[in-house]
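Student: I am new to this structure. Please take me through one part closely, and give me the setting too.

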Amino acid sequence: MIGSALAGGFLGTLALTTIVRVAAEIGFTRLDLAFVLGTIVTRNRRRALAIGYVFHLGLGIVFAFAYGAVFELIGTGSWWLGALLGVVHAVFMATVVLNVLLPVVHPLMGTPETAANEFALIEPPGFLMLNYGRNTFLVTLASHMVFGAIVGWAIRV
Amino acid sequence: MRDGDGYVPIEDYALIGDGRTAALVARDGSIDWLCLPNFDSPSVFASVLDAARGGSFELRPTIPFTAARRYLPNTNVLETTFTTGRGSVRVVDAMALPNGHLGPTREIVRRVEGLDDISAPVPMMWAVAPRFRYGTAAPRWEWRGRVPVATCDAEALAVSAWDAGEPEWRDGRVAAAFELSRRATSTMVLGSAHADPLVLPGRAAAERRLTDTIAFWEQWTATRGYGGAWAAHVLRSALVLKALIFAPSGASVAAPTCSLPEEIGGERNWDYRFCWIRDSNFAIAALLNLGCYDEAQSLFWWFMHATALTEPELHVLYRLDGGVGGDERTIPLPGYRNSKPVRIGNGALEQTQYDIYGCLFETARLYSDGHRPVDDDIGRILARIADHVCRIWREPDSGIWEVRNGPFHFTHSKAMCGVALDCALELASRHELPADRVSRWKKEADAIRHYVETECWSDRLRSYRRIAGDDDVDASLLMLPILGFTDPRGERARGTIDAVMQRLRDGDFVYRYRAADGVRGREGCFLNCSFWLVGALARAGRVDEAAELMERLIRRANDVGLYAEEVDPSSGAFLGNFPQALVHLALIDAAIAIGRAEQA
């Protein structure tokens with residue numbers, strides 16, 4: 001499973017990142033995952049993008065292993081089961097990880113509690129990441145379903 | 001102080017804020033405006049728009065009194081001293097800033113102190129009457145021990161009070177009476193929660209946050225880099241600006257209020273709780289000139305993020321969370337002194353205003369000049385926007401004043417498109433924008449300049465025109481020399497300044513224009529126009545005139561140094577939303593312009 005998870009995670013993250021990037025370019029969302037992740041470690045935008053892409057790729061592979069573990073647990077896996085897990089994954093990301101956890105650990109991101117005695121260079125994504133555009137959650141949902149489908153197809157238990 | 005209907009003059013208000021929301025405190029100690037949890041959330045107190053049912057937090061002596069106010073030096077913490085026949089009571093009001101310890105999500109601390117001149121206990125009262133959702137939803141009151149808590153869906157307010165009487169619930173509000181002796185203190189805390197559990201603070205923790213809040217504002221002001229003339233007023237304006245920056249995103253709200261009228265009883269009532277791109281260049285310039293580099297970077301990054309959804313087309317204004325929604329609608333409140341309708345949201349969202357492109361590019365240029373170069377990503381976005389300017393500048397628009405009877409070919413809009421392309425060329429020359437479109441930008445910039453100098457210049461007026469082809473003037477034309485589109489000391493700038501003074505000036509004040517604009521009723525004089533006149537005079541070398549007008553305008557601030565959007569030139573009464581960031585930004589610009597002109 002290790003090789004499948006690595007390949008699935010790599011390809012899935014590639015697809016996910018591309019979908020989000022295209023959506024941003026055509027004005028669907030202001031979400032830029034690489035930028036958001038990369039600015040955890042640097043204020044330099046260009047360097048942040050490079051670091052963010054690598055970081056995101058690593059996370060994608062970790063999640064692919066988690067998908068594989070779920071497939072092992074239930075004894076089956078497929079592209080559509082992966083897509084279904086992608087829905088759960090997207091909802092979790094949009095309501096908990098990016099909405100609540102990321103602003104807490106991100107040194108440049110505001111939170112709803114950020115006040116005049118603090119600075120935020122990056123606005124918080126907000127519930128369902130709606131602060132980054134009304135369609136952001138839809139983009140997140142679609143891209144994670146594609147990610148899940150690719151991982152599910154690659155891992156097929 | 002209050003009229004028969006329960007309203008106070010707008011100039012009787014002072015602002016307290018924490019960078020997330022703000023409250024208006026009246027001279028008589030009543031908090032009459034508060035939106036929670038953010039500037040653009042629905043109101044909890046809106047007595048300023050509905051004195052009978054809008055909701056407020058009163059705190060005052062119950063015997064006759066006079067009131068004097070000031071901000072504690074170099075802070076956004078308000079001090080009101082009530083003087084009665086039995087002696088004086090001091091109230092310190094602050095929106096407390098978090099200090100690392102657990103506290104309410106938003107918190108107003110009111111500390112009351114009996115002064116040494118008290119001869120007999122001073123009877124006091126406080127009453128909290130929240131009305132959620134712009135006064136349309138009455139709260140459900142409950143008790144947590146001895147603490148009254150008002151709830152409405154996901155919102156909750158707790159009123160904690162120490163040595164301030166026994167609160168009682170009556171007629172939809174919680175109130176208490178108490179007496180204050182010499183050197184006695186009472187403390188009240190209004191803590192709020194939004195979609196999370198309330199935190200009920202202890203007295204020591206709340207007072208510690210008040211002390212820390214005062215210390216933060218003092219320290220912030222002490223590190224501002226301005227030592228020129230009118231320093232106290234410039235720093236007060238900086239403090240207003242800082243209070244109006246929405247800290248979670250870095251956006252700057254134009255004013256914390258909605259629908260304070262431009263004409264008493266009139267319909268020119270708008271919601272200013274948005275971030276206008278138009279204010280951005282003044283805001284960035286002020287922040288950089290005052291050494292607020294973090295705030296400047298935060299605001300610039302916010303602009304580039306907010307515009308990412310719509311670029312190369314820009315919206316006139318954006319919500320504080322960066323969104324472009326915010327449909328205008330009316331709400332069933334009677335309005336300040338019966339000024340209807342009360343609007344929330346802003347219809348200018350739908351308008352086309354081309355001057356904002358110049359404002360954004362000027363912002364980028366100032367940011368690059370004063371802080372750090374524009375990076376590649378932002379450079380590519382700006383290049384696309386510059387291309388867009390090349391395509392659109394020939395079209396009419398609604399102009400800087402957002403007229404509702406347009407579109408027209410406003411001179412100011414054309415000139416600002418020229419400013420946009422001039423800035424793009426300058427940034428490209430520093431390799432901060434791609435160089436491959438420079439020839440097109442140069443060609444279109446020249447075409448704009450030719451258009452403005454021919455179609456928008458009137459030999460009869462000896463001035464630039466408000467609209468190409470007409471023979472009227474507009475205070476926005478003062479921006480042409482201020483932003484360097486035309487030589488500030490040149491004949492055309494001097495002629496335009498004279499024409500504005502001759503046709504639009506009324507005493508110390510300047511009207512925006514005299515023409516119809518598609519909205520019924522009259523309006524006062526926009527105070528930013530007066531400060532623009534000061535800035536234009538200073539840049540034209542007419543420094544004495546500028547300084548003299550500046551002195552007079554400084555005296556027109558209210559007792560705590562704040563300005564509303566407009567003033568009634570006949571009475572000096574404030575009109576419009578309050579306090580307005582653009583007026584304070586224009587004040588900072590005018591003071592700096594005079595200082596530089598004197599040095600030159």
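Tutor: Start with a term: pLDDT is the predictor's confidence in each residue, on a scale from 0 to 100. The model here is predicted. Chain A has a mean pLDDT of 91, and 99% of its residues reach 70 or more. Among the elements of chain A, the lowest mean, 90, belongs to helix α2 (residues 33–38) of chain A. The highest, 95, belongs to helix α5 (residues 136–155) of chain A.

Now turn to chain B. It holds 14 helices and 29 strands. Its radius of gyration is 25 Å, which agrees with the value near 25 Å for a compact globule of 600 residues. Along the principal axes, the C-alpha atoms of chain B fill a box of roughly 75 × 45 × 45 Å. Of the 600 residues in chain B, 66% are buried. Take the contacts in chain B between residues at least 6 apart in sequence: 67% of them join residues at least 24 apart.

What does Arg503(B) touch, leaving aside its neighbours within four places in sequence? Its contacts are Arg460(B), Leu461(B), Asp471(B), Val473(B) and Arg514(B). Tyr513(B) gives one more distance. It sits 10 residues from Arg503(B) along the chain, and their C-alpha atoms are separated by 8.7 Å.

Chain B carries 68 positive and 81 negative side chains. The centres of the two sets lie 1 Å apart.

Notes. Residues are numbered from 1 along each chain as its sequence is written. Chains are lettered from A and ligands numbered from 1 in the order in which they are written. This is a predicted model: local features need pLDDT of at least 70, side-chain atom pairs count only at pLDDT 80 or more; totals for chains, interfaces and linings use all residues. Side-chain values use heavy atoms; hydrogens and water are left out. Helices (H or I, at least four residues) and strands (E, at least two) are DSSP runs, numbered from the N terminus. The radius of gyration is taken over C-alpha atoms; the globule rule is 2.2 Å times the number of residues to the power 0.38. Buried means under 20% relative accessible area, exposed over 50%, partly exposed in between (1.4 Å probe, protein chains only). Contact means heavy atoms within 4.5 Å. Lys and Arg count as positive and Asp and Glu as negative; His and the chain ends are not counted. The place of a charge is taken as NZ of Lys, CZ of Arg, CG of Asp or CD of Glu.
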